[in-house]
Amino acid sequence: MGAAITAGCSRIADSTPGAKALAAAEDWHRKAQRLFAARTALAPEYDRSAISPSFRGNGSLTVDSDAYRMALAQGFADWRLEVRGLVRHPLSLSMDNIRRLPQRTQVTRHDCVEGWSAIGEWTGPQLGTILEGAELLPEAKYIVFRCADRLRGAPYYESVDLIDAYHPQTIIAHRLNGEPLPERNGAPLRVRIERQLGYKHAKYLTTIEAVASLEDIGRGEGGYWEDRGYQWYAGV
Amino acid sequence: MKRHAFSTRLWHWLNLVCVVVLFMSGLNISNAHPHLYWGDWGFDPRDAWLSVPRFPGWMTIPGHYSLGAARDWHILMAWPFALGLLFMWIAMLANRHFRRDIATSRSEWRWRSIRAEVAAHLRLDFHHGRGKYNFLQKLAYGLVLGVLLPLMIATGMGISPGWEPHLSWLIEGMGGRQSVRSIHFLAAWALFAFFAIHVALVLLSGPFRQIRNMITGGRE
């Protein structure tokens, strides 16, 4: 009986209207959430005493390259964050540049799509500050995060729309619990998008790119996991 | 016996489809991290209050482990499920099905009459006097419609990061996000238990007539 239902569902999922309905549902959730609930509302922030004793690493736990190992050994003195794409002023920010921008510190909960959660204190500039410095062109609709790590041979990347990019809690974090970001948590830079699931919070960040469409990136679904069947809108 | 209203029958079958797909895709999602915690956070199986077994492919949608596809099914069916329940409640209040058939009266809560009903059920004697449902049925249907099904929606929204800022009172009230996730899981299995008993009692009490009545409404 269970097997029959499973087989039936596979047949529906493989059909064109079935696949369309499945994709549409994610869109309904995004629209409903944005209709009934201001997207600028903040995810809960906790007291420092709520911080988990350790912060689980997941997905890539390091970047498997000599360049990264050398950068890690040198404390990421030469690491740079590129800001490019549909911007008036492309930027190449050093770690020092990033540390000198106005900082936001937030104790938030990380919710992995698998179901587990961890609480940590993150520090870094708001992504909005960086985007204002680069000045988005009017055609820009999405912000793409490109990463140094590869997962199962493919480069990791993620993307969000401008509503999430400018959310006050969307920061480019370089510290976790008051220390420089540990290797397994994405050293030296990762994104925090507190109203999205964990796979959106790209680690080992190298490039922020403003684009008009996600079609030509990766397999065109907007992120490493999205290309493998996960929902682009991870607010649900 | 009073006929089942069209709205009741429509919702009954729609809800069955939704709950089955939600449950089976939920088991696939459970396989991603089959450990349950209390409180706001939890990621280490050693801290889990319960670690559940891996559910085999014949129990899950899709039939192989795929968190992305299972979540697709789960969030698709959440819509007809939640809107269907809202519709059912409006219909039940409007057509007085709730007042007439499900709401219990004080006299039914007497220990002696409850004991008599339980005894009759254990003898598989399903004849009851006036009214459509006996006390145990009213209690079960009331708990499912009024508590478990709404709880599935509330806890489902509570573990969705997009809704969280607007439901923080609810999530804190239930003890934090991982507690909400645990309650979602427990309520799902409570519904499964109801489903199993419900089907068993239909089979024991004239399945042909019962199923026909839930399709056509039955005779007045």
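This is a predicted model: local features need pLDDT of at least 70, side-chain atom pairs count only at pLDDT 80 or more; totals for chains, interfaces and linings use all residues.
Visitor: Let's begin where the chains meet. How do you know that chain A and chain B are in contact?

Guide: Contact calls for heavy atoms within 4.5 Å. By that rule, 48 residues of chain A are in contact with 36 residues of chain B. The area buried between the two chains is about 3,600 Å², and carbon and sulfur atoms give 65% of that area. On the chain A side, Leu22(A), Glu114(A) and Gln231(A) lose the most area to chain B, together 15% of what that side buries.

Visitor: What makes Arg109(A) and Glu164(B) a salt bridge?

Guide: The rule asks for a side-chain nitrogen of Lys or Arg within 4 Å of a carboxyl oxygen of Asp or Glu. The closest N and O atoms of Arg109(A) and Glu164(B) are 2.5 Å apart, so the pair qualifies under the 4 Å limit.

Visitor: Which elements of chain A give two or more residues to the side that touches chain B?

Guide: There are 20 residue pairs in polar contact between the chains, both residues being at pLDDT 80 or more. The elements on the chain A side are α1 (2–14), α2 (16–36), β3 (104–111) and β4 (117–124). α2(A) gives the most, with 9 residues. The residues of that side of chain A divide into 29 nonpolar, 12 polar and 7 charged.

Visitor: Now for α2(A) itself. How do you know that Asp27(A) and Lys31(A) form a salt bridge?

Guide: Their closest N and O atoms are 3.0 Å apart, and the cut-off is 4 Å, so the pair counts. Both residues lie in helix α2 of chain A, 4 residues apart, about one turn of the helix.

Visitor: And why is Asp27(A) called partly exposed?

Guide: Partly exposed covers what lies between the buried limit of 20% and the exposed limit of 50%. Asp27(A) has a relative accessible area of 28%, so it is partly exposed.

Visitor: What makes the salt bridge of Glu226(A) and Lys200(A) a link between distant parts of the chain?

Guide: The closest N and O atoms of Glu226(A) and Lys200(A) are 2.9 Å apart. Glu226(A) is in the segment after β11 of chain A, while Lys200(A) is in the loop between β10 (190–192) and β11, and the two are 26 residues apart. Both residues are buried.

Visitor: Why is Glu209(A) called buried?

Guide: Buried means under 20% relative accessible area. Glu209(A) has 14%, so the word applies. This residue lies in strand β11 (residues 205–211) of chain A, and a polar contact of 2.6 Å joins its side chain to that of Arg146(A).

Visitor: What makes β1(A) and β11(A) a parallel pair, and what about β1(A) and β2(A)?

Guide: Two strands pair if there are at least two bridges between them. β1(A) and β11(A) have 4 bridges, so they pair, and the sense is parallel. Glu82(A) stands opposite Thr207(A) in β11(A). β1(A) also pairs with strand β2 (residues 91–94) over 4 bridges, in the antiparallel sense. Here the bridge partner of Glu82(A) is Ser92(A), and a hairpin joins β1(A) to β2(A) through 5 residues.

Visitor: Why do β3 and β9 of chain A stand at the edges of their sheet?

Guide: The open sheet has 4 strands in the order β3-β4-β8-β9, with antiparallel pairing. β3 and β9 (179–180) each have a single partner strand, so one side of each is left without a neighbour in the sheet.

How values were computed: Residues are numbered from 1 along each chain as its sequence is written. Chains are lettered from A and ligands numbered from 1 in the order in which they are written. Side-chain values use heavy atoms; hydrogens and water are left out. Buried area is the accessible area (1.4 Å probe) that two parts lose on being put together, summed over both. A polar contact is a pair of N or O atoms within 3.5 Å; within protein, one must be able to donate a hydrogen and the other to accept it, and residues adjacent in sequence count only if both atoms are side-chain atoms. Ala, Val, Leu, Ile, Met, Phe, Trp, Tyr, Cys and Pro count as nonpolar, Asp, Glu, Lys and Arg as charged, and the others, Gly among them, as polar. Buried means under 20% relative accessible area, exposed over 50%, partly exposed in between (1.4 Å probe, protein chains only).
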